[in-house]
Amino acid sequence: MFTDARSKRVIFVAHCLLNQNSISDGTADYPGVNEAILQTLLKAKVGIVQMPCPELCCLGLDRGNVLGAESPVVVENTRIRKAMQEPEAWAQLSVLTEYVMRQILQYHKHGFEVVGIVGINRSPCCGVNTTSDDNREIEGQGVFIMKLKAALADANLIIPVIGIKADGEAAKRVKALL
């Protein structure tokens, strides 16, 4: 099974790496796609799995605050983090985590290599090394990555999870996974 041209290697990436139009107002670094990351992945011939954007799915494109871009990023991110911990959003976050885990488990079951998961540091949901809380960027994980890492641990899966920012080191960090 699966003896065709596919590489049998996949990487899971935060939604906004491939779609900057999905992120909160005032935080886009690119018009559409993080091209350096995309080029790195294309050259590696790895399948790209775009995870759902938890904030978009749970809070909407405006994140429940049409004036969000008027606040400092970490202040708005703190508000978003708190909103994501409200019961309705938290329940939806669990559904999104299960959705991603079903995909990971299917790839794992069929012998594919999940080379890693790429999150976005400072994000209230997808931060890996840093997140936003208390109106500042702090060490810690976003709420989606926290739930996803717990689900991976429950499934006894060890998959590298890295956090990046939109800087010159991002593509190098992703390339190191490949």
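**View 1. Asp134, in the loop between β4 (130-133) and β5 (136-139), in a predicted model.** Although Asp134 is not a glycine, its phi is positive, at about 55°. A reader may find this worth a second look, because most residues other than glycine have a negative phi. Is Asp134 buried or exposed? Its relative accessible area is 52%, and since residues over 50% count as exposed, Asp134 falls into the exposed class.

**View 2. Phe2, in the segment before β1 (9-13).** Phe2 is also a residue other than glycine with a positive phi, here near 60°. The relative accessibility of Phe2 is 27%, which lies between the limits of 20% and 50%, and therefore Phe2 counts as partly exposed.

**View 3. The open sheet of 4 strands, with the order β2-β1-β3-β6.** The pairing in this sheet is parallel, and its edge strands are β2 (47-50) and β6 (161-164), each of which pairs on one side only. From one strand to the next, the twist averages 25°. β1 and β2 pair in the parallel sense over 4 bridges, and Val10 stands opposite Gly47 in β2. Strand β3 (residues 113-120) pairs with β6, likewise in the parallel sense and over 4 bridges, and here Ile117 stands opposite Val161 in β6.

**View 4. Leu93, a buried residue in helix α5 (residues 87-109).** The relative accessibility of Leu93 is 0%, and because buried means under 20%, Leu93 is placed in the buried class. Which residues does Leu93 touch, when those up to four places away in sequence are not counted? Leu93 touches Pro54, Cys58 and Met84, and it also touches Val143, Phe144 and Lys147.

**View 5. The largest pocket, with a space of about 450 Å³.** Rolling a probe the size of a water molecule over the atoms shows where empty space is left. The largest pocket is lined by 28 residues, and the ones that lie nearest its centre are Cys16, Ile23, Thr27, Ile120 and Ser123. Two or more residues of the lining come from each of the elements α1 (15-18), α3 (54-59) and α4 (73-84). Which element gives the largest share of the lining? That element is α1, with 3 residues. Sorted by class, the lining of the largest pocket has 14 nonpolar residues, together with 8 polar and 6 charged ones.

Definitions and conventions:
Residues numbered from 1 in each chain as written. Predicted model: local features only at pLDDT ≥ 70, side-chain atom pairs only at ≥ 80, totals over all residues. Heavy atoms only, no water. Buried < 20%, exposed > 50% of the residue type's maximum accessible area, 1.4 Å probe, protein only. 1 Å grid on protein atoms, 1.4 Å probe; cavity = no way out; pocket = protein on both sides within 12 Å on 5 of 7 lines; lining within 4 Å. Points joined across faces, edges and corners; volume = space filled by probe spheres on them. Nonpolar A, V, L, I, M, F, W, Y, C, P; charged D, E, K, R; others polar. Pairing = 2+ DSSP bridges. Axes fitted to C-alpha atoms, helices over the stretch in contact; angles between N-to-C directions. Contact = heavy atoms within 4.5 Å.
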